[in-house]
Amino acid sequence: MTNRTRTLDVVIVGAGAAGLGFGVTLRHLGIENFAILDRAAIGASFLRWPRQTRFITPSFASNQFGHLDLNAVCLETSPAYSIGVEHPTGVEYAAYLRGVAEHFELPVATGVDVLSVARRAPHNRFRLETSRGDVRARFVVWAGGEMQYPRTGGFHGADLCLHYSGVTSWNDLGGHERCIVGGAESGIDAAVALAAAGRRAVVFDRDEPWNRHGSDPSQLLSPFTRMRLNSAVDSGRVTLRGGRAVTGVRRNGNGYRLALEDGDVIDCAEKPILATGFVGSARIVRSLFDWHDEYSPLLTENDESTITRGLFLVGPQVRQGNLVFCFIYKFRQRFAVVANQIARRLRVSTEPLEWYRRHGMYLDDLSCCEDACAC
Ligand SMILES: Cc1cc2nc3c(=O)[nH]c(=O)nc-3n(C[C@H](O)[C@H](O)[C@H](O)COP(=O)(O)OP(=O)(O)OC[C@H]3O[C@@H](n4cnc5c(N)ncnc54)[C@H](O)[C@@H]3O)c2cc1C
């Protein structure tokens with residue numbers, strides 16, 4: 001791993017889409033003294049997706065005409081080109097990420113779990129406590145993602161349920177019918193996968209995301225999911241139940257009983273599925289950020305912690321005002337914003353970032369992205 005006595009310029013925590021994409025940006029700037037630490041493997045979260053889950057954002061090799069593949073993490077690469085699939089599975093996408101790491105010779109160390117981060121006087125260097133010893137750095141870029149940090153609370157008995165992120169394959173789950181709590185992307189993904197496996201699914205969501213309209217794709221079901229949902233509902237295997245929240249789950253003989261907010265109860269033979277989202281990995285460094293809410297750290301306009309200078313966030317937890325950078329095509333446009341800050345403080349030329357700007361990979365003017373524009 002890294003030399004204990006040396007101070008790295010930058011440590012990136014996480015070798016997923018965000019960590020690797022940001023690592024490539026450092027490479028393009030000529031910054032060499034950095035490491036990408038991951039507790040598991042390159043693309044580990046994607047490798048843990050349920051086997052049937054596919055990207056909702058489509059991949060298309062359009063680089064020659066100046067448009068980056070929506071799922072590319074860096075310039076001049078394309079998952080559509082390298083794996084030949086429009087909606088990659090997690091395993092396929094992890095293969096693309098390994099290709100990126102190899103091609104750009106990124107300094108990735110796997111099997112290194114970052115346990116805590118602290119900033120130490122007198123030089124204000126960061127000390128990262130890891131499962132393989134301490135590491136020191138001038139800047140820390142947190143790219144730990146969300147998939148490995150499920151949101152399991154929210155109502156009494158939620159711990160009796162199975163979270164979406166704990167499912168390896170929907171085909172392997174037993175039973176004829178499942179109740180699913182949560183009807184956004186992951187809940188509907190679960191329902192259509194169960195329907196495809198010949199099971200039935202009942203989805204509960206008070207807010208009825210399946211009826212939502214608007215322009216921000218982070219708030220809506222993607223067209224890919226909506227199309228799959230329509231045919232699953234037509235097949236009679238998926239039922240959508242909106243308008244009332246699930247307020248509790250308890251055991252009921254060999255099965256489970258869901259309580260709804262109006263006092264109604266629903267009996268389910270099998271363990272209910274929780275599709276209630278994620279809390280995000282940045283909670284490990286919770287005390288180094290001020291927080292907007294449970295999920296979103298407060299960030300400066302450069303995606304730096306508002307209370308710990310030198311600590312930056314990249315990936316789907318990034319939020320600027322009302323703008324949510326939850327998809328790869330959104331959060332990759334902030335890598336250059338963070339890299340620009342680090343390069344300036346390291347006194348490295350930021351000139352290569354002009355190339356990023358020309359190719360829509362440098363989003364520092366957020367006025368383009370008001371709610372009304374479908375950005
Ligand atoms: C089921 C699902 C489907 C999705 N579909 C899409 C889609 O179609 N299109 C899209 O754009 N986005 C999609 N997303 C959003 C997706 O999370 C992000 O796009 C992407 O995975 C985030 O990349 P990341 O690098 O931030 O996180 P991750 O890919 O989760 O990578 C984080 C890495 O950090 C490592 N790590 C975490 N904590 C530590 C630690 N303490 N120490 C060391 N290593 C650590 C993990 O092992 C992991 O490899 C989807 C998300 C989910 C969960």
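At what angle do helix α5 (residues 185-196) and helix α6 (residues 223-234) pack, and how far apart are their axes? In this predicted model, the two helices pack at an angle of about 45 degrees, and their axes are 10 Å apart. The crossing of α5 past α6 is left-handed. On the α5 side, the contact is made by Glu185, Ile188, Asp189, Ala191, Val192 and Ala195, and on the α6 side by Thr225, Arg228, Leu229 and Ala232. Sorted by class, this contact of α5 with α6 comprises six nonpolar residues, one polar residue and three charged residues.

Helix α1 takes part in two further helix pairs. With helix α8 (residues 335-346), helix α1 (residues 17-28) has an axis that comes within 10 Å, and the two axes cross at roughly 45 degrees. This angle makes α1 oblique to α8. The crossing in which α1 passes α8 is right-handed. Gly21, Phe22, Thr25 and Leu26 of α1 form the contact together with Phe335, Ala336, Val338 and Ala339 of α8. The contact of α1 with α8 holds six nonpolar and two polar residues, and no charged residues.

The axes of α1 and α4 come within 10 Å and cross at roughly 25 degrees. Since angles under 35 degrees count as roughly parallel, α1 and α4 are therefore roughly parallel to each other. Their crossing is left-handed. In this pair, Ala17, Leu20 and Val24 of α1 meet Leu97, Val100 and Ala101 of α4. The contact of α1 with α4 consists of six nonpolar residues, with no polar and no charged residues.

The ligand is surrounded by 33 residues, of which the closest are Gly14, Gly16, Ser45, Gly145 and Gly315. At least two residues of this shell are supplied by each of α1, β2 (34-38) and α2 (44-47). The largest share, three residues, comes from α1. By class, the shell around the ligand contains 17 nonpolar, twelve polar and four charged residues.

Domain 1 covers residues 7-148 + 278-369, and domain 2 covers residues 158-274. The C-alpha centres of domain 1 and domain 2 are 31 Å apart. Ten residues from domain 1 and twelve residues from domain 2 take part in the contact. On the side of domain 1 that touches domain 2, six residues are nonpolar, three are polar and one is charged.

Methods:
Residues numbered from 1 in each chain as written. Predicted model: local features only at pLDDT ≥ 70, side-chain atom pairs only at ≥ 80, totals over all residues. Axes fitted to C-alpha atoms, helices over the stretch in contact; angles between N-to-C directions. Helix = DSSP H or I, 4+ residues; strand = E, 2+ residues; numbered from the N terminus. Parallel < 35°, antiparallel > 145°, perpendicular 65-115°, else oblique. Left-handed = near helix turned anticlockwise from the far one by under 90°. Contact = placed C-beta atoms within 7 Å. Nonpolar A, V, L, I, M, F, W, Y, C, P; charged D, E, K, R; others polar. Near = placed C-beta within 6 Å. Domains from an automatic or database assignment.
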